[in-house]
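Here are my notes from a sitting with this model.

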Amino acid sequence: MIALSQGRTKELLAIHGWSGVLLGLLLYAVILTGVIAVFAHEIGEWSAPLPYAEHELPQQGLDAAMRARANEVDPAYVDDISFFSDTAGRIRTFFHTHGTKPGESTPTDRGVEFDLDPRTLAVLDRREGWADELHEQNLPAALADFFVELHVSLHLPNPWGLLVTGILGLAMMVASVTGFLVHRHLIRELFTLRKKKDPLLVKRDAHVIAGTWNLPFAFILAFTGSYFSFAGAFAIPAVAMVAFGGDQEKLIETVVGVSVPENKTPAPFANLDAMLADAKARTGAVAGFVSISHYGRADAVVSLSMMPLEGELASDNLIYNGATGAFVQQKPFLGQTPSLGNDLFLLMTPLHFGHFAGIWSKAVWFALGFAGAYVTLTGMLLWTTRRQHQPGWAKLARAAHWMGYGLPLALAAVPLARFAAPLLDVDVRAAQYTTFIGAALLATAIALKVRDLDALRRVLLAGTGIALLLAAPLRWLTGGPGWITVFDAGLATVIALDVALLLAGALCIAAARRAKPATLPMNERLPEEASAA
Amino acid sequence: MSLTATAASLTLIASALPLLLLARRDPKRLRSVAGSVLAPHGQRTRQGLAAAALLPGLALMVLGYWPAFLIWLGGITVAGWLFAQGLASRH
């Protein structure tokens with residue numbers, strides 16, 4: 001317990017509540033979509049499964065595949081080449097150069113993107129254009145991308161989306177710290193959840209207990225999330241403006257890249273497979289991301305980002321001379337020499353994404369994110385519903401219910417669009433957006449029509465349950481493989497997600513059948529408020 | 001099962017048991033439950049159980065198994081929350 005004066009407690013409680021209410025609606029959206037985004041790869045595999053489970057970049061055969069593709073694209077596009085295993089399990093290969101799109105000022109990438117089969121390295125799909133156009137054409141990753149982008153930027157244009165999510169991360173940190181400070185009996189009440197008391201205490205306890213247990217990770221996830229948002233929205237453009245005349249590519253090349261004197265002399269490219277084998281022999285790890293600069297030139301550079309070894313959080317980054325195939329150096333991701341900044345930077349990714357130990361760490365991060373969403377929702381409902389008889393607060397309480405239970409409905413409707421769109425011959429990504437907006441509008445209409453807040457909760461939960469229950473059958477009915485097929489193929493993820501969605505749907509329906517008091521007594525004080533009075 | 005998953009699972013189980021015992025006879029929790037026949041733990045017992053719950057995580061830290069430690073830390077916080085929810089719903 002931290003001793004605070006009554007005045008200070010009152011101030012902190014006000015900051016905690018108001019920061020939660022003012023930004024809580026959007027914060028809840030970011031956290032909830034973050035919970036889903038933890039399983040982006042699994043969602044990709046579930047929505048567009050290959051005939052087998054393959055999640056790694058092949059370490060042999062890439063050389064031949066790269067040369068074959070390099071021969072068929074515009075020579076300008078071999079300036080930069082990258083390979084990685086994407087969310088849908090395809091090997092995404094991007095041959096590109098940098099330029100400025102007509103009518104825009106920020107440089108971007110333009111080139112040809114191939115989806116390669118991870119086993120045979122045969123071309124599954126070919127897309128050509130500017131980076132944003134390629135993204136729009138990518139069908140296998142469409143569903144996973146929808147959730148990830150909603151989490152990262154709320155589908156707002158750059159840099160506004162990143163700025164908003166960065167600010168929301170800061171709000172989450174403020175709420176975590178103030179919640180920690182105002183809660184007077186943090187350790188003593190770790191297990192105290194009074195279920196048979198009045199509704200106000202029951203809701204307060206549910207919020208406080210989940211918040212207390214989730215406190216360390218709420219802070220970590222908020223901090224790392226803010227870091228990623230602000231780095232993209234503000235830090236990189238600002239540093240580029242100050243030090244590189246606004247050239248962000250130059251900045252990234254300087255900070256992350258390798259300094260090699262320019263030499264445009266044509267030179268044959270060394271064997272990529274041999275470099276991958278050498279990197280594995282040096283580190284014991286396999287490469288997860290391959291980047292090649294200036295293919296076919298004397299100054300060609302190959303950068304191999306290795307996967308973390310068993311028991312490690314961070315990974316190595318190896319540099320090779322592309323013309324000779326010789327190993328050059330093991331380079332930090334940031335800068336040219338090892339530094340504390342680089343070590344901290346390397347920690348940010350596993351701490352935020354939770355993918356450092358496969359499904360085990362993802363499952364824990366999912367649970368932590370779910371607890372975070374629960375804390376945000378219960379906090380908003382607690383703060384607004386007990387004030388709903390005061391002028392203006394009734395609308396906020398309704399808005400909290402609308403977002404709290406309407407957003408899951410809108411999100412649950414998106415996979416239905418993903419599977420139905422190809423049958424109806426409409427653009428998948430457009431169908432996903434339209435369905436999401438449509439379901440959100442439907443939730444709005446229901447929120448305006450149903451006066452009783454608990455009835456509103458139950459209707460929206462029932463809708464979410466129905467949408468979740470429909471997802472797996474629709475996947476199968478629209479041509480997706482059945483359980484026997486995916487079991488034989490070793491695609492356990494598909495079965496696991498089908499079962500998880502069916503269970504989640506059933507739980508939503510069950511929760512919708514339970515009535516709860518939605519109005520909280522106004523004349524009673526919460527323990528924190530009593531101590532602050 | 002990988003070494004990380006094995007280490008995380010074993011330490012989580014080793015920590016969850018004392019945590020559950022701690023939660024079950026937590027004095028403040030029992031005071032809020034009308035008609036409970038369980039006697040609350042004394043202070044020394046509580047401290048011992050808390051230490052036993054934290055010890056596996058400490059071992060992972062000392063051994064430098066950081067991925068397993070993070071899974072353990074996240075898992076134990078989720079377990080604590082679920083124990084509080086589960087024990088409350090029984091009354």
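I counted two residues as in contact if their C-beta atoms, placed from the backbone, lie within 7 Å. With that rule I looked at chain A: among contacts between residues at least 6 apart in sequence, 68% join residues at least 24 apart.

A note on the source. This is a predicted model, in which local features need pLDDT of at least 70 and side-chain atom pairs count only at pLDDT 80 or more, while totals for chains, interfaces and linings use all residues. Residues are numbered from 1 along each chain as its sequence is written, with chains lettered from A and ligands numbered from 1 in the order in which they are written.

**Entry: overall form.** I found 17 helices and eight strands in chain A; these are DSSP runs numbered from the N terminus (helices H or I, at least four residues; strands E, at least two). The C-alpha atoms of chain A fill a box of roughly 80 × 55 × 45 Å along the principal axes. I then checked the radius of gyration, taken over C-alpha atoms, against the globule rule of 2.2 Å times the number of residues to the power 0.38. For 533 residues a compact globule would come out near 24 Å, and chain A agrees with 25 Å. I also noted that 43% of the residues of chain A count as buried (20 or more other C-beta atoms within 10 Å of a residue's own, all placed from the backbone).

**Entry: helix H12 of chain A.** How do H12(A) and H13(A) pack? I read an angle of about 150° between H12(A) (residues 393-424) and H13(A) (residues 428-449), with axes 7 Å apart. Axes are lines fitted to C-alpha atoms over the stretch in contact, and angles run from 0 to 180 degrees between N-to-C directions. Angles over 145 degrees count as roughly antiparallel, so H12(A) and H13(A) are roughly antiparallel to each other.

Next I looked at H5(A) (residues 142-153), which packs with H12(A) at about 150°, the axes 10 Å apart. H5(A) and H12(A) are therefore roughly antiparallel as well. Ala142(A), Leu143(A) and Phe146(A) of H5(A) meet Val414(A), Pro415(A) and Arg418(A) of H12(A).

**Entry: the neighbouring chain.** I saw 27 residues of chain A in contact with 28 residues of chain B. On the chain A side, helix H7 (199-244) and helix H11 (358-385) each supply at least two residues. The largest share, seven residues, comes from H11(A).

Terms used:
Parallel < 35°, antiparallel > 145°, perpendicular 65-115°, else oblique. Buried ≥ 20, exposed ≤ 12 C-beta atoms within 10 Å, placed from the backbone.
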